[in-house]
Amino acid sequence: MEFKHFLHPHNLNFTEVGKENDCMRCFGCLDVIYGPAYICNTCDDGDFVMHKSCTELPPQIQTNTFHPHPLRFTVGEVIVCDGCAKLLASFINYRCIDCTFNLDFRCALAISNDYELADHVSLQEGRRIKTTVHHFSHYHQLTRYKFSLMKTETDVMYIFEKLWGSDEFKCMACKQELHGTLTYTCLPCRFLLHESCVNDMPRRVLQSPFHPQHILLPRPIRKDSSIECSACRDEVEGISFCCNQCDINLHVSCAKYRTRAIKHNCHPDHLLLHLGKSIMSEIFCKACHKDCGDSFLSCIKCEFCIHVECIPLPPSTQHKRHLHPLMLVNPFAEDDSGVYYCDACETERNPEHHVYYCEECKYIAYIGCALSEVKH
């Protein structure tokens, strides 16, 4: 039995797909196919195959209970779905012919099969999540959605790479990957920010450790522009904090980086900043010539970098405010609160940095607080 689908130039042949074909995915909903389906035997390797139920979705649908206007299919787009509020890349989506309303194929299929779905809890949740804001970090309106992509979904990631141009999804403020979080995007600009980074982004940085002499202000960066971060030397995308007087540009995370400057006789001429893995990569130690890795000291004037382990710091020390010896330990976070303190000076510390630690009392002291010979 043959079938002609509006999206494909060849006739499709009916088939029953068994469980052994677990690598065959539907061109419409992208799910693994099991059961009745239509396949193109003309195309190489049967590239075009769809569930029988998916082929029955027409080129135009209208569900007045969910959206008042007709929805027509579009091919090969990345959208934020108005049904589930997820960022999705699909070969087939449905778009309103009168406004900006979009549905991914799965939501369109569900709504067309069940007109009561307009009242479904998950769809109501999607409507609550998908909102728009104007934010100083970007020129255009930002759309909120739920990011739920998994690297293990290789077929889906392949479609994203084909349509988005990349399979890497990182926040342009903190430079961390997006994982199951509420996120804001400008789709045409491929601009991405965690919701938490949008909410926590300052309108100015009064004293950045990498440029303390002037106030830094946010500056949106256009999609095709290329700017180097003056701190970590990586490319800055989407948004920077800049000093117009000195032509300084920093990532948001670099501008706000929490650290302290210390003075040590391993580099007596200038102050050293205690830095961690989120600020720089592929930096080599001047002493052992190995990758600095998790935690190191750096002079931004001389580009001098050295492992904490490569400077003469004692493995243990006694502090006047604590009864027990403190041991030098690798960077760590004692809990998942996201806020960490030095118990000696009672100020916030960075969990990316080495500290002196009493395991018995859970007492933590910043290196400059624990050692009198290290000035800060």
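Analyst: Let's begin with R258, which counts as partly exposed at 41% relative accessibility; here buried means under 20% relative accessible area, exposed over 50% and partly exposed in between, with a 1.4 Å probe and protein chains only. This is a predicted model, in which local features need pLDDT of at least 70 and side-chain atom pairs count only at pLDDT 80 or more, while totals for chains, interfaces and linings use all residues. Residues are numbered from 1 along each chain as its sequence is written, and side-chain values use heavy atoms, with hydrogens and water left out.

R258 forms a salt bridge with E348, and their closest N and O atoms are 3.3 Å apart. The term requires a side-chain nitrogen of Lys or Arg within 4 Å of a carboxyl oxygen of Asp or Glu. This pair links distant parts of the chain, 90 residues apart: E348 belongs to strand β25 (residues 348–349), and R258 to the loop between α6 (252–255) and β18 (261–262). Helices (H or I, at least four residues) and strands (E, at least two) are DSSP runs, numbered from the N terminus. E348 is partly exposed too, at 28% relative accessibility.

The next residue to look at is R349, whose salt bridge with E334 has its closest N and O atoms 2.6 Å apart. R349 lies in strand β25 and E334 in the loop between β23 (326–329) and β24 (340–341), so this contact ties together parts that are 15 residues apart in sequence. R349 counts as buried at 6% relative accessibility, whereas E334 is partly exposed at 38%. The charged end of R349 also sits over the ring of F332, 5.6 Å from its centre. For that, CZ of Arg or NZ of Lys must be within 6 Å of the ring centre and within 35 degrees of the ring normal. R260 makes a contact of this kind with Y366, its charged end sitting 4.4 Å from the ring centre.

How many salt bridges does a search of the whole structure find? There are 8. Among them is the one between K130 and D82, with the closest N and O atoms 3.0 Å apart. K130 is in the loop between α3 (121–129) and β9 (132–133), and D82 is in the loop between β6 (71–80) and β7 (87–96), so to speak a link between distant parts of the chain, 48 residues apart. D82 is buried, with a relative accessible area of 17%.

Now for the strands. All 5 of the 5 residues of β20 (residues 295–299) are buried, so this strand is largely enclosed by the rest of the structure. S295, L297 and C299 point one way from β20, and F296 and S298 point the other way. In a regular strand the side chains alternate between the two faces of the sheet. β20 pairs in the antiparallel sense with β19 (residues 272–276) over 4 bridges; strands pair if DSSP finds at least two bridges between them. Another 4 bridges join β20 to β21 (residues 304–307), again antiparallel. β20 and β21 form a hairpin with 4 residues between them, and E303 in the turn has a positive phi of about 55°.

Finally, the rings. The whole structure holds 8 aromatic pairs, meaning Phe, Tyr or Trp rings (for Trp, the six-membered ring) with centres within 6.5 Å; planes under 30 degrees apart count as stacked, over 60 as edge-to-face and the rest as tilted. One of the pairs is F3 with Y38, which is tilted, at 4.9 Å centre to centre and 35° between the planes. F3 lies in β1 (residues 2–3) and Y38 in β3 (residues 35–39), so the pair ties together parts 35 residues apart in sequence. F3 is partly exposed, with a relative accessible area of 26%, while Y38 is buried at 6%. Ring pairs link F3, F14 and Y38 into a cluster.
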